[in-house]
Amino acid sequence: KRGRLLRGAEGGGVSVSPITIEIETPLQDDVRALVAALNETALQLTPREHTHHMSVEQMAQPDTTVFVAREAGAAVAMGAIRRHADGVAEVKRMYTMESHRGRGLGRAIVARIEQAAREEGFSRLVLETGANFDAAKHVYEQSGFGPCGPVLDYPPSAWTAFYAKTL
């Protein structure tokens with residue numbers, strides 16, 4: 001499937017390079033760099049023992065599909081869907097490069113994840129994020145997710161926030 005085209009804005013709202021969102025393998029150097037940047041950001045905001053990172057090798061497993069946003073060929077944002085039992089799918093590894101924040105990429109990737117979950121017959125989409133990841137929580141809330149109790153096998157913590165959306 002072809003990805004959606006998004007238009008970037010630069011000064012005065014002038015359109016620049018189109019941004020595409022495609023399903024890709026995470027086993028690429030520029031996607032590995034996004035994962036490393038996400039991990040670094042998470043560790044700046046959350047103690048290591050309260051983080052739940054997936055490696056790119058785990059992200060490449062059949063239960064996970066990765067969506068990568070690219071502008072002019074460069075990976076600028078990503079997110080993934082991870083499939084679980086009992087009709088539950090999980091939003092994982094959401095990240096947008098600082099230079100591309102505020103352009104709707106997070107919401108667009110969440111929309112692609114939700115579309116995939118619906119097409120595959122999942123009834124619920126869940127996620128775990130940092131309790132102090134305000135920008136991420138805003139994206140999820142704007143995408144129709146609501147706060148909920150702990151999901152899947154994540155332990156409750158003051159550092160963690162949980163969200164869910166019925167599909």
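Student: Which residue of β6 stands opposite V88?

Tutor: V88 stands opposite R124 in β6. Before we go further, note that this is a predicted model, in which local features need pLDDT of at least 70 and side-chain atom pairs count only at pLDDT 80 or more, while totals for chains, interfaces and linings use all residues. Residues are numbered from 1 along each chain as its sequence is written, and side-chain values use heavy atoms, with hydrogens and water left out.

Student: How many bridges join β5 to β6, and do the strands run parallel or antiparallel?

Tutor: Strands (E, at least two residues) and helices (H or I, at least four) are DSSP runs, numbered from the N terminus. Two strands pair if DSSP finds at least two bridges between them. Here three bridges join β5 to strand β6, residues 124-130, and the two run parallel.

Student: What kind of unit do β5, α3 and β6 make?

Tutor: A crossover is called right-handed if, with the strands pointing away from the viewer, the path from the first strand over the helix to the second runs clockwise. In this model β5, helix α3 (residues 105-119) and β6 make a right-handed β-α-β unit.

Student: In which sense does β4 pair with β5?

Tutor: Strand β4, residues 74-83, pairs with β5 in the antiparallel sense over six bridges. Within this pairing, A77 stands opposite T96, and M78 stands opposite Y95. The hairpin of β4 and β5 has four residues between the strands, and D86 there takes a positive phi near 60°.

Student: How many bridges join β3 to β4?

Tutor: Eight bridges join strand β3 (residues 64-71) to β4, and these strands run antiparallel. T65 faces I81 of β4 as its opposite residue. In the hairpin of β3 and β4, two residues lie between the strands, and A72 has a positive phi near 50°.

Student: Which strand pairs with β6 over seven bridges?

Tutor: That strand is β8, which pairs with β6 in the antiparallel sense. The bridge partner of R124 in β8 is T166. Three bridges also join β7 to β8, again running antiparallel, and C148 stands opposite F162 in β8.

Student: Are the residues of strand β5 buried or exposed?

Tutor: Buried means under 20% relative accessible area, exposed means over 50%, and partly exposed lies in between (1.4 Å probe, protein chains only). Nine of the nine residues of β5, residues 88-96, are buried, so this strand is largely enclosed by the rest of the structure. β8 is largely enclosed too, because six of its seven residues are buried. β4 is mostly covered, with seven of its 10 residues buried.

Student: What is the phi of R93, and where is its place?

Tutor: R93 has a phi near 55°, a positive value in a residue other than glycine. The place of R93 is in strand β5, and at 8% relative accessibility R93 counts as buried. L152 also has a positive phi, of about 50°, although it is not a glycine. L152 lies in the loop between β7 (146-148) and β8 (160-166) and, at 37% relative accessibility, counts as partly exposed.

Student: Which residues of α4 are buried?

Tutor: An α-helix has 3.6 residues a turn, so residues three or four places apart point the same way. In α4, K137, V139 and Y140 are buried. They cover an arc of only 155° around the axis, which puts them on the same side of α4; the arc is that of the directions from the helix axis to the C-beta atoms. The face turned away from this buried side carries the exposed residues D134, A135 and Q142.

Student: How much space lies in the largest pocket?

Tutor: Rolling a probe the size of a water molecule over the atoms shows where empty space is left. On a 1 Å grid over the protein atoms alone, a pocket is an open set of points where a 1.4 Å probe fits, with protein on both sides within 12 Å along at least five of seven lines; lining residues have an atom within 4 Å of a point. The largest pocket holds about 870 Å³ of space. Of its 38 lining residues, the closest to the centre are M94, Y95, F133, A136 and Y140. β5 gives the most to this lining, with seven residues.

Technical notes. Grid points are joined across faces, edges and corners, and a volume is the space filled by probe spheres set on the points.
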